[in-house]
Amino acid sequence: MISENPFAEFRLECQNSLGDALQKLFPEIQIARLALEKPPNPEFGQLASSLCFELAKQVSEKPPALAKRLIETLDRSKFSLIERVVAAGKGYVNFHANLALFSALTIDSVRHFDTEYGFIKTAKSLKIIVEHTSVNPLHPIHIGQARNPMLGDAIARLLKSRGHNVYRHYYVDDVGRQSAVLAYGYEKLGKPKPEGKPDHFMGKIYTITSCLVEINRLKKDLERAKTASSTEEITEINRELDDLMSAVSELNVRFPELFEELLEKIRGDKDPENAVNELNRGYEAGDEKAKQIIRKVSELCLQGFRNTLSRAEVFYDSWDWESELMWSSQVRKALDKLKRTAYVFPIGGVLEFNAEKVAQEFGLKKKLGLRESYEVPSLTLVRSDGTTLYPTRDIAYALWKFEKAEKVINVIGMEQKLPQLQLKIALHALGYDNYADNLIHFAYNLVSLPGHKMSSRTGRYITFDEVMDEAVKRAYEEVSKRSPQLPEEEKHKIADFVGMGAVRYALVEVDPSKPVVFTWDRVLNFETNSAPYIQYSHARACSILRKAAREPEKPAFNLLKEKIEREIIMTLASFPDTFVEAAELLKPNLIADFANALADKFNTFYNAVPVIKAKPQELSDARLALVDAVKMVLRNTLNLIGIVAPERM
RNA sequence: GGGCCCGUAGCCUAGUCUGGAUUAAGGCGCUGGCCUUCGGAGCCGGAGACCGGGGGUUCAAAUCCCCUCGGGCCCGCCA
C-alpha cells in the first residue's frame with residue numbers, strides 16, 4: 001500500500017471513526033469539524049481529540065466519562081491504521097497508530113514517490129506571478145535586500161511544487177530621479193568602463209553623486225530658509241546636511257580617487273540639481289540621449305545582479321522594465337482610465353487619487369483589514385511637471401501582470417504597505433475587484449545593521465556579494481580542516497554550496513515579519529540548525545546507502561521499534577502536511593524548520609543504532625529503507641528552499 | 001496625532017492565523033559525559049524563560065479581546 005500523504009490516511013481514519021461514534025451516540029449533535037491535534041507526547045498516541053470538552057457542556061456529562069463512552073462506541077472492525085484508542089487526561093481521546101503498518105505505508109510511499117514525495121498538488125492550478133527582488137539598478141544588492149530574493153524564490157519553488165504555473169518577475173525600476181542621479185554622475189566621469197563588478201562600481205558612483213547633489217540642493221534650500229528666517233526649517237535642513245556631510249567624509253576615505261574626480265566634475269556644474277531633473281524628464285519622454293545613458297547604467301547594474309543572484313541559485317522568467325511600461329503608453333492609459341473615475345482630483349498643480357473615498361464607497365475597509373476610523377491617505381499620481389510617480393506606474397504594472405496571470409504576489413518590504421494598499425484600492429476604483437482580491441503583498445521586515453539601518457543612499461550597507469564571499473571562505477576553511485585529503489577543486493565545490501546554503505538558510509529560516517539585525521554569526525553558522533547541518537545529514541545518509549551497496553530486499557518494518565525510529569517515521573509521514581501548509585500560507589520557514597527537525601532526528605538515530613550491521617538482515621533492510629526515505633525527504637526540503645543536497649561533503 | 005509590524009531563558013529563534021494534556025521546543029553561549037561499529041559539520045546529560053506588563057473571555061490562553069510599556073516602520077510633487 002502506498003499513499004501520497006500517509007499521515008492524512010491515518011487522520012482520515014481517526015476522523016471517520018470518531019465521527020461515526022459521535023453520530024451513533026448523539027445523533028442530534030452537529031460538530032462542524034472534527035479537528036484532531038498532535039499530542040505533546042508520543043505516549044498519548046499520534047493524534048488526539050479534545051472534542052469531549054466541548055461536548056461535555058452540551059450533553060452535561062463529564063469529559064472523561066464521555067471520552068470513555070465514545071471510545072466504546074467506536075467500530076473496531078473498520079480499524080486499519082489505528083491500533084487502539086484510549087481515553088486519557090481530563091477527557092482526551094487518543095488514537096494510537098498501528099506502527100508496523102504505518103511504517104510500511106510511510107517508507108514505501110516516500111520511496112515510491114521519491115522526488116515528488118510531499119508535493120501534494122493543488123486542486124486548482126493557477127497562473128501565478130511572483131515579483132521579487134526588484135532592487136533598483138543603482139548599487140549592488142545589499143544584505144537587507146537579499147532577504148527578498150531568498151523569500152521570493154522559495155515561495156516560487158513552493159508554489160511550483162504545489163502544481164501552479166509560476167512566473168518569476170524582476171521589476172527593473174529604471175524610471176525616477178535616482179536613476180538620473182547615477183546616470184548624471186556616470187556621464188560626468190566620461191562613461192568609464194567599470195572597474196571590478198559593474199554593480200559595485202555603479203554603487204560607488206551613485207552614492208557619491210547622490211550625496212554631492214543632495215548637499216548642493218540642501219545648501220540652496222538653507223539660503224532660502226535663512227532669508228525667510230524659518231528656524232524650524234533651518235534646523236531640519238542642518239540635521240540632514242550633517243548626516244550627508246558625515247556620509248561624504250566616509251566616502252572620501254573609502255574611495256578617494258573616484259570621490260575627488262566626481263567632486264571636481266560636479267563642482268564645475270552650475271546647477272547639478274537641474275541637470276538631474278532634466279535627465280529624468282528626458283527619460284520619461286523617451287529622449288534618445290537620456291535613454292542611452294540611463295539604460296547603460298541600469299544594464300551595468302543588472303549585469304552584476306544576474307551574477308550575484310545566479311550564485312545564489314535565483315533565476316527569473318522575466319525582467320520587466322518600468323520604462324518600457326511607460327513608453328508603451330500603458331501608464332498613460334491606466335492613468336486616463338483612473339481619471340475618468342470620480343476619485344481623481346487636481347490640487348495645487350498635481351493630480352491626486354482619493355483612496356479614502358474609494359475605500360468608503362466600495363466598503364473596502366473591513367475587507368482590507370482597516371479600522372473604519374482609519375483614513376487612507378490620498379495618493380499623488382502626477383507631479384506638477386507632468387511626470388508620473390512610482391505608485392502610478394505600479395498601477396499600470398499590476399494591470400499588465402493580471403493580463404498574464406490570475407494571481408500576483410509582490411514580495412516587497414513592509415515599509416511599502418501603504419502604497420501597496422493604495423494600489424489595491426486603485427484596482428477596485430478601476431473596477432478590477434478580481435485583480436485586487438488576487439493581489440498579495442508579501443511583506444517582510446527590515447534587516448538592519450547593529451545601531452542603524454542600511455542605507456544605499458549614504459553607502460552604509462553590506463553587500464550580498466560580500467556576505468556570500470565570506471560564507472564561502474569560511475566554508476572553505478572548514479572543509480580544509482575536516483577533509484584535507486580532498487583535491488582543491490573538490491574543496492572549492494563543497495565550500496561553495498555549503499557557504500551559499502548557510503546564507504540562504506539563515507535568511508529563510510526567520511519569520512519574514514520579524515525585524516532582523518544583521519550579524520555575521522547569523523549567516524556563518526555551520527552547526528546544528530543550519531544548512532550545512534542538514535546537508536551533512538543528507539551526505540551521511542547517502543554514505544550509509546553507498547556503503548551498504550545493496551537494495552533492502554526484505555525489510556521487516558515491524559522490527560523498527562525504537563522510539564527514535566517511530567519519531568522519524570511520523571516526521572516523514574507528516575511532510576506532505578507541512579508542505580501544503582507552507583505553500584498555502586507562503587511560509588518557507590516552515591520547510592526550513594522541518595528540514596532541521598528531521599536532520600536532528602536522523603542524527604540521533606544514526607548515533608543510537610547500527611544500520612548496515614543490524615541483525616537480523618530484515619531489520620537492517622528496514623533501517624536501510626528508512627535511511628533512504630530520510631535522504632529523499634531531506635533532499636526534497638532542501639530543494640524547496642534552493643539549497644544543494646550533496647552526496648558527499 | 002493616526003496606522004502597521006515586532007517583544008518568548010544571557011543572546012538568537014520555533015510555537016500565535018486554526019486556544020488544549022502534570023515537562024513552553026530548539027540553537028548559540030555556560031557546563032558534565034561519548035576519545036566515535038555506518039563520516040565528530042555528530043550524539044547523550046545539566047543549569048537557564050512562567051511567554052514585555054496588566055486586565056478580560058474560556059472547562060482550558062504564549063495563542064483570542066481590551067488597556068499599557070518598549071523597539072521598528074509608514075503617513076513625500078522619493079522609490
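**Salt bridges in a predicted model**

Modeller: In this predicted model, K491 and E488 stand three residues apart in helix α19 (residues 488–509), a separation of about one helical turn.

Biologist: How far apart are the closest N and O atoms of K491 and E488?

Modeller: A salt bridge requires a side-chain nitrogen of Lys or Arg within 4 Å of a carboxyl oxygen of Asp or Glu. K491 and E488 form such a bridge, and their closest N and O atoms are separated by 3.1 Å.

Biologist: Which parts of the chain does the salt bridge between E250 and R460 tie together?

Modeller: The closest N and O atoms of E250 and R460 are 3.0 Å apart. The two residues are 210 residues apart in sequence, so their pairing ties together separate elements. E250 belongs to helix α8 (residues 231–254), and R460 to the loop between β13 (452–453) and α18 (464–482).

Biologist: In which helix do K631 and D628 lie?

Modeller: The side chains of K631 and D628 form a salt bridge at 3.8 Å, N to O. K631 is buried at 17% relative accessibility, and D628 is buried at 10%. Three residues, or about one helical turn, separate them within helix α24 (residues 617–640).

Biologist: Which residues are joined into one network by salt bridges that share partners?

Modeller: The count of salt bridges comes to 42. Bridges with shared partners link one network, consisting of R177, E214, R217, D221, R224 and E273.

How values were computed: Residues are numbered from 1 along each chain as its sequence is written. Chains are lettered from A and ligands numbered from 1 in the order in which they are written. This is a predicted model: local features need pLDDT of at least 70, side-chain atom pairs count only at pLDDT 80 or more; totals for chains, interfaces and linings use all residues. Side-chain values use heavy atoms; hydrogens and water are left out. Helices (H or I, at least four residues) and strands (E, at least two) are DSSP runs, numbered from the N terminus. Buried means under 20% relative accessible area, exposed over 50%, partly exposed in between (1.4 Å probe, protein chains only).
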